[in-house]
Amino acid sequence: MRKTVATLSFAFALALMASSAAYAADPIKIGVVLPLTGTEANFGEIEKLSFEMALEEINAKGGVKGSPINVIFEDDSSKPDVGRSAIEKLIRQDGVALVGGGYSSSVTAAMAGVAVNNAFPLVINTGSADNITEPWTYTVSGQMAAKKKKAMSEETDAAKKEALKKEADELAAKAEQEAATIMPRYAIFRINPPASEYASGIESLLTDVIKPKTAALLHENSAFGTSSAADVEKRLTKLGVKILIKESYDKASIDFKPVLSKVKEANPDIVYMVSYVNDAALLMNQSMELRLNPKMFIGGGAGFTMPEFQKNAGKASEKVVSATLWHQTLKYPGAKEYYDKFLKKYNRDTEYHGAEAYAAMYVIADALKRAKSLSKEDIAKALSETDMMTVFGPVKFATYGKKANQNKGEAYVVQWIKGEQEIVWPKKYATTDVVFPVDWIKERQ
Amino acid sequence: MTVNRGIVAQIAVLAALAVIPLVVHNDYYLHLLILALMWVVIGSAWNLLAGYTGQVSFGDAAFFGTGAYTAGLLVIHWGWSAWWGLFFGGIMAVVIAFPFGWICFRLRGAYFALATLALNEVLRHVATIWESFTQGMVGIMIMQSYISKLPYYYIALALAALSIIIIRLVMRSRLGYYFLSIREDQDAAESLGVNTHFYKMLSLVIAAWLTGVAGALYMNYMGFIDPHVVFSLHDISIMAILVGIVGGVGTTYGPAVGAFIMVLVQEMFRTAGFGYIKAAAKFTDVQFLISASEQLTKGHALGFGILVVLVIRYMPNGVVGDWGKLMIALRLQKTGRAK
Amino acid sequence: MDLFLQTLVSGLLKGGLYAVIGIGMTLIMGVMGIINLAHGQMMMVSMYITYSLFAYAGVDPYVSLLVSVPAIFTLGLFIQQRLLNPLLRAETILPENQVLMTVGVGMVLTEIMRFIFTSDYKSVRTSYSSSTFFVGNISFSVPLTIDFLIAILMTAALFLFLIKTDLGRSVRATAQDKEAAVLMGVDSERITYITFGIGSALVAAAGTLLIPVFYLYPDIGGPFTRKAFVICILGGLGSAVGAIFGGVTLGLAEAFGATYAGMEFEDIIGLVIFLLVLLFLPGGFKRITKV
């Protein structure tokens with residue numbers, strides 16, 4: 001016991017010593033917040049490795065303006081409150097020049113609040129809920145207006161609808177004014193397209209090839225799952241597809257058979273699922289066990305593109321299509337090299353999350369290079385002028401619709417063919433034709 | 001005389017806490033202190049119900065979350081200031097606690113604990129599923145009303161002081177004796193004519209109110225909640241118990257000490273000594289320190305878990321309850337033999 | 001009709017597995033009077049053992065029962081003997097210190113596994129993982145059906161142990177009336193750690209049986225701990241028969257809830273039944289079955 005105390009006090013003394021001493025060299029410090037433990041750590045690890053790989057390359061080439069970049073990784077433990085503590089620490093304690101990272105939507109939203117309050121530049125690489133890059137989110141009237149609008153769209157009584165519309169409009173006008181006061185402090189930039197655009201690639205595949213009339217929609221109960229599902233529902237309804245079943249589930253459910261039996265009974269043309277990797281694999285395995293035979297199984301990104309999905313689902317993953325944001329065969333400079341290098345270096349697969357992180361590091365370095373000084377205003381200005389090519393495609397932060405500082409990415413569709421992901425849609429990027437129709441029962445014999 | 005000295009010490013601690021933000025300008029440390037002060041409120045509330053009244057709750061998050069959601073929903077539905085939550089959050093927590101206690105206080109011991117746990121889980125699911133009202137897993141985000149930490153710090157400090165004062169007043173009054181008698185032997189208390197159901201309800205209502213207020217403070221300060229954050233079994237309910245147990249069950253200042261230990265130690269593990277070990281490693285360039293800091297950050301949750309196990313194993317009455325034992329073990333006091 | 005039958009089958013098969021998880025917890029609860037909040041984490045460790053044997057030595061999950069069960073039994077013994085029993089002797093205000101200790105143990109187990117295996121999702125895909133057979137239009141998962149049979153076998157073995165052997169009788173005696181048992185010469189401390197061992201071994205078996213159809217990451221324990229205590233309360237503390245009923249009830253409730261009310265209500269239905277039983281049938285199904 002005594003020994004432990006002695007050791008502890010020694011360590012503490014050392015720590016105090018270090019804190020009072022200044023650094024000899026001064027690299028440019030930036031912070032990156034990722035889930036390195038907790039339920040989303042799997043994705044966080046791929047992103048961290050990609051950040052590190054990019055960082056090594058940048059520093060090997062001499063860093064930025066002669067000084068190397070030093071990345072301080074913070075673990076958000078997959079929890080919004082920890083993410084918030086982490087970004088507070090990076091800004092106040094470590095004095096970083098900017099903050100990157102942000103994996104899950106809820107953690108990212110919590111971090112974004114701090115960034116706006118401090119007018120601090122935040123470069124998000126994944127956190128995809130739409131409202132994060134919509135400045136009205138950060139105003140009370142904006143949120144209320146959104147609620148009123150939703151209530152209005154669900155209201156059937158015409159007189160009430162009119163009243164709600166009036167209220168919503170008033171609030172929206174107020175929100176616009178409030179947003180104007182937010183804007184000077186808004187320095188959030190997102191490389192990842194918002195969740196509502198994940199399915200944009202799928203949409204034309206549905207109209208041109210699959211032509212479904214009915215659909216079942218299963219999604220996990222998370223910020224990402226809920227907002228993606230809401231968007232897909234909107235898109236499908238617009239295409240005249242009838243939604244027969246829409247169900248959400250909690251992560252870590254063992255048994256999807258009851259709900260899948262229900263899907264089987266309803267017999268929809270397509271089954272659209274938004275899930276993380278484990279549930280994605282279970283859903284496909286159990287669909288196979290129940291012999292579901294829709295026209296197509298479609299995944300909404302996230303879990304369905306992970307290498308683990310194919311490993312866990314085995315032959316049940318065959319011919320499943322999924323929305324995705326990136327693929328190594330895309331003709332972006334360095335995409336294939338990044339994929340190969342990652343595979344060689346870490347002996348594991350990577351996918352769009354990794355590419356986003358890798359690109360994010362380059363975007364950050366590029367902005368630091370162009371920034372007049374390391375003040376947050378200058379960095380934010382440099383970021384807003386970003387216009388570069390990355391492995392993830394062209395990155396340019398634009399203001400369109402309700403969004404501000406949002407990179408317009410493209411969405412693709414991949415299909416698992418013989419255990420490999422192939423881009424099958426849109427046509428101009430496709431490496432192979434989409435396999436359709438599929439007889440799922442025969443396929444899995 | 002001893003009473004006077006006690007009061008002087010208390011005022012001194014309070015004064016020291018009040019001066020800290022004027023001296024420490026690092027907002028990150030203030031952030032940690034605000035969280036610690038919030039946990040003082042929650043831990044004290046848990047301690048009143050469990051430590052003094054003997055009704056162990058495994059579901060404090062039910063009240064905490066109710067308070068937080070009250071504050072958040074006031075904003076997004078009615079455009080009120082989230083600060084109203086400090087008032088209504090506590091009341092809503094009581095509104096949840098009252099019927100629950102009325103029905104479930106017929107259960108005893110582990111059964112009651114499990115009922116609170118179930119309440120916690122049910123509310124979490126309700127908040128998740130009832131999307132049209134609570135926004136489900138999308139959560140509620142509001143902007144903080146102050147960018148400076150000072151207002152939050154002083155409000156948290158006031159709440160922490162208030163909760164300790166309430167508990168002191170309660171435990172010094174007649175109520176306190178009834179609470180203790182229920183903890184020691186409920187049947188005996190009942191046979192002596194103590195209306196145990198009534199006093200248990202009273203204890204629960206006070207605890208729920210304090211916890212709800214803390215929840216509202218959390219919404220105001222953190223600006224973001226979702227069902228998994230504020231109704232978390234592990235991060236709120238169990239943490240509340242850990243704060244109580246590590247500090248010392250059934251002691252006035254135990255939860256306060258526990259709150260500071262838990263919040264600061266957890267963050268220290270997460271950031272490898274607030275980043276200092278890493279800084280020390282960089283500065284001295286000692287390879288051992290570099291890898292130590294890396295391993296520490298990687299295994300931060302492990303270190304924290306081991307600490308919890310050790311504290312419970314060797315200081316089952318908590319830091320305050322086993323203070324004498326701790327002093328002896330550290331050889332800071334010469335009486336007795338070290339263990 | 002198919003939908004109803006399929007739901008019934010899914011619920012029953014899942015319920016069998018739940019029963020094994022629940023029996024382990026109920027034994028511990030009955031004898032020690034504590035909720036073991038590290039129960040699911042013990043299961044998680046067992047799953048990692050099975051996974052390692054499969055991934056690195058190619059051992060079939062059913063064969064690895066022979067390793068995982070004794071290993072977790074020993075781990076259980078150790079935890080009870082070294083960490084929980086000493087707390088009995090300490091003078092504390094609340095008996096819940098032991099429960100808290102199990103929380104700490106659960107955290108440590110989770111983090112050790114994360115340290116070794118990282119947070120990556122692991123799974124054990126055997127040739128029979130997704131194989132099914134059909135009776136009419138109703139699909140039966142082969143591994144889950146085997147699991148169900150093994151669960152029945154194990155429960156039967158446990159009953160023989162509890163009813164026929166001296167050690168088993170001592171366990172039951174301690175669960176019913178600890179003081180009387182001690183007076184009768186039962187070494188209650190020994191009984192506690194043997195019980196904890198057996199309880200852990202049972203959940204270890206459940207973990208090993210589950211892994212071919214499920215997946216694995218360090219945080220998987222928590223949800224199963226929660227299910228386990230729901231099952232225990234349904235069945236009545238300390239009642240093995242009750243735990244079987246509890247497990248099957250929960251399995252069926254979840255399945256029918258998911259089919260007829262919506263999958264998001266899956267968990268809430270279990271919890272509501274739990275609260276109702278707690279209030280209106282305290283003592284659970286034990287009150288009805290008397291075992």
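This is a predicted model: local features need pLDDT of at least 70, side-chain atom pairs count only at pLDDT 80 or more; totals for chains, interfaces and linings use all residues.
Figure 1. The contact involves 44 residues from chain A and 45 residues from chain B.

**Figure 2. Polar contacts and helices at the interface of chain B and chain A.** Between these two chains, 10 residue pairs are in polar contact, counting pairs in which both residues have pLDDT 80 or more. Several helices of chain B each supply at least two residues of the side that touches chain A, including helix 3 (60-78), helix 5 (109-129), helix 10 (196-222) and helix 13 (254-270). Helix 2 of chain B provides the largest share of that side, namely five residues. Sorted by class, the side of chain B that touches chain A holds 24 nonpolar, 12 polar and nine charged residues.

**Figure 3. Salt bridges between chain A and chain B.** Side chains of opposite charge can pair when their charged atoms come close. Over all chains of the model, the count is 34 salt bridges, and three salt bridges are counted between chain B and chain A. In one of these pairs, A:Glu88 forms a salt bridge with B:Lys149, with the closest N and O atoms 2.7 Å apart. A:Lys79 likewise forms a salt bridge with B:Asp235, and here the closest N and O atoms are 3.2 Å apart. This second pair crosses between chains: A:Lys79 lies in the loop between strand 2 (69-75) and helix 3 of chain A, whereas B:Asp235 belongs to helix 12 (residues 233-247) of chain B.

**Figure 4. The crossing of helix 3 and helix 4 within chain A.** Helix 3 (residues 80-93) and helix 4 (residues 105-117) of chain A have axes that come within 8 Å and cross at roughly 35°. Their crossing is right-handed. Helix 3 of chain A contributes A:Pro80, A:Gly83, A:Arg84, A:Ile87, A:Glu88 and A:Ile91 to the contact, while helix 4 of chain A contributes A:Ser106, A:Val107, A:Ala110, A:Met111 and A:Val114. By class, this contact has seven nonpolar, two polar and two charged residues.

**Figure 5. The interface of chain C and chain A.** Here 37 residues of chain C are in contact with 37 residues of chain A. The area buried between chain C and chain A is about 3200 Å², with 55% given by carbon and sulfur atoms. C:Tyr121, C:Tyr215 and C:Met263 supply 23% of the area that chain C buries against chain A, more than any other three residues.

**Figure 6. Polar contacts and elements at the interface of chain C and chain A.** Zero salt bridges are found across this interface, but eight residue pairs are in polar contact, with both residues at pLDDT 80 or more. Among the elements that give two or more residues to the side of chain C that touches chain A are strand 1 (132-135), strand 2 (138-141) and helix 9 (221-235) of chain C. Helix 1 of chain C gives the most to that side, with six residues. By class, the side of chain C that touches chain A comprises 15 nonpolar, 14 polar and eight charged residues.

Technical notes. Residues are numbered from 1 along each chain as its sequence is written. Chains are lettered from A and ligands numbered from 1 in the order in which they are written. Side-chain values use heavy atoms; hydrogens and water are left out. Contact means heavy atoms within 4.5 Å. A salt bridge is a side-chain nitrogen of Lys or Arg within 4 Å of a carboxyl oxygen of Asp or Glu. A polar contact is a pair of N or O atoms within 3.5 Å; within protein, one must be able to donate a hydrogen and the other to accept it, and residues adjacent in sequence count only if both atoms are side-chain atoms. Helices (H or I, at least four residues) and strands (E, at least two) are DSSP runs, numbered from the N terminus. Ala, Val, Leu, Ile, Met, Phe, Trp, Tyr, Cys and Pro count as nonpolar, Asp, Glu, Lys and Arg as charged, and the others, Gly among them, as polar. Axes are lines fitted to C-alpha atoms, for helices over the stretch in contact, and angles run from 0 to 180 degrees between N-to-C directions. A crossing is left-handed if the near helix is turned anticlockwise from the far one by less than a right angle, and right-handed if clockwise. Buried area is the accessible area (1.4 Å probe) that two parts lose on being put together, summed over both.
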